[in-house]
Amino acid sequence: MSSVNLTDLTRQIESVAASTTDFQVNEADRKRLLQACDQLRKKLESPFEFTLRTIFAGYPAIALRLGIDMKLFDAVAQHTESSGGGIATLSQLAEITKADPLLVSRIMRFLSALGIFNEIKQDVYASTPLAAAYISSSPLSAAVIHVTHFLMVLTQLPAYFQEKGWQNPNNVLDGPFQYTTKTKSHYFDFLAGEPYYQQAFNTVMTISHRRQGQNWFDFFPVEEKLGGVVDESNVLLVDVGGSQGGDIIAFQKRFPYLRGRLVLQDLPVVIEAIQERELPARIEPQGYDFFEPQTVTGARAYYLRTVLHDWPDAQARQILARIREAMAPDSLLLINETLLPESKIALPSAQADLTMMVSFASLERTQAQFERLLNESGFDLVKVWMPQGFTASSAELVSQATLLEARLKASLE
């Protein structure tokens, strides 16, 4: 690229970056532009610059977490509302948060460097739309709390693997999380005693980002596969480990005319929180531990969304065994998970896989790994369903969960 072209390109990029009102693109073009910027940065970045950017990547996340824990975002919003202006001083923020002014100054300085706040002048800050996204009631603040908790575990991976002889984690009670927190409890049991993290986890499970792409019932032939329930007393679908009920609620709204009961199952502590609000008609909340015998037998379909990736193979087989024991010969097992490609994995997928490692000693799985797991658990994989036109490339698999349809092995029916 000639210096003239590079200069023109730089000016165009600077012009786009400076435009705050008249530069508008649709969602697809916006993502393409971001990807192009990432590709350009990779081409221009030196090894030294790449190294610095990588090793300091955790610092902004922790600074953001500190701002959330200190209620700095709430303090700015509170002052803005009470004063009618969008500007807060250091002394005002320190008074509202009851934190050391010097500490507040240092955190606000970092957050301003990230562009989350505008530093008008020394010790005077203005809010931004980005800052408003991190008040305590925002799902994004819960996401920061949830994910930065695992950053603490990530920093201990070198020591963990050194002690474990560089073996892949596969013990759900002796993984990186237990090593770091000095506990023998599973992460979910840990959450039960930590309301701050439990609430953050519950909120993250409802974030729409986890449901990006098409819903499984948009590309799975629901009426053909699930439309055979005649008696209203029979169970059409059991959402096993369904958390806050987002999937089964969306399913009910999409197919209100399908006959049969809909059952939402999760641990009693989760179900109790759900029962504080009214669920749509026909959806029955039920406290249930999926390692115990399945209480709903003979359902038309048993559905698992992003459940198995939380568990290593040993526990995943136990979960599947409980479902298998409850199934009728014509029952379906539906597994809604994001598959890993066999090669050339995209960075977000690799990050998700590492998250499963540090939190659950588990993994994201490829189709071959799922097929092997199902076979060992007494199931045949019938088909992996994907949206029409889906090519299962690394980039597509990042943002679109697939649906694995399985049935009992013929010898078990």
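Contact here means heavy atoms within 4.5 Å. I took helices (H or I, at least four residues) and strands (E, at least two) as DSSP runs, numbered from the N terminus. Axes are lines fitted to C-alpha atoms, for helices over the stretch in contact, with angles from 0 to 180 degrees between N-to-C directions.

The model is predicted: local features need pLDDT of at least 70, side-chain atom pairs count only at pLDDT 80 or more, and totals for chains, interfaces and linings use all residues. Residues are numbered from 1 along each chain as its sequence is written, and side-chain values use heavy atoms, leaving out hydrogens and water.

I found an open sheet of 7 strands with mixed pairing, in the order 6-5-4-7-8-10-9; two strands pair if DSSP finds at least two bridges between them. Strand 6 (283-287) and strand 9 (379-385) are the edges, each pairing on one side only. From one strand to the next the twist averages 20 degrees.

Entry two, strand 9. It runs antiparallel to strand 10 (residues 402-408), joined by 6 bridges. I noted Phe379 opposite Leu408 in strand 10.

I looked up helix 9 (residues 139-154) and helix 19 (residues 347-360), which pack at about 75 degrees with axes 10 Å apart. Phe150, Val153 and Leu154 in helix 9 meet Leu354, Thr355, Val358 and Ser359 in helix 19.
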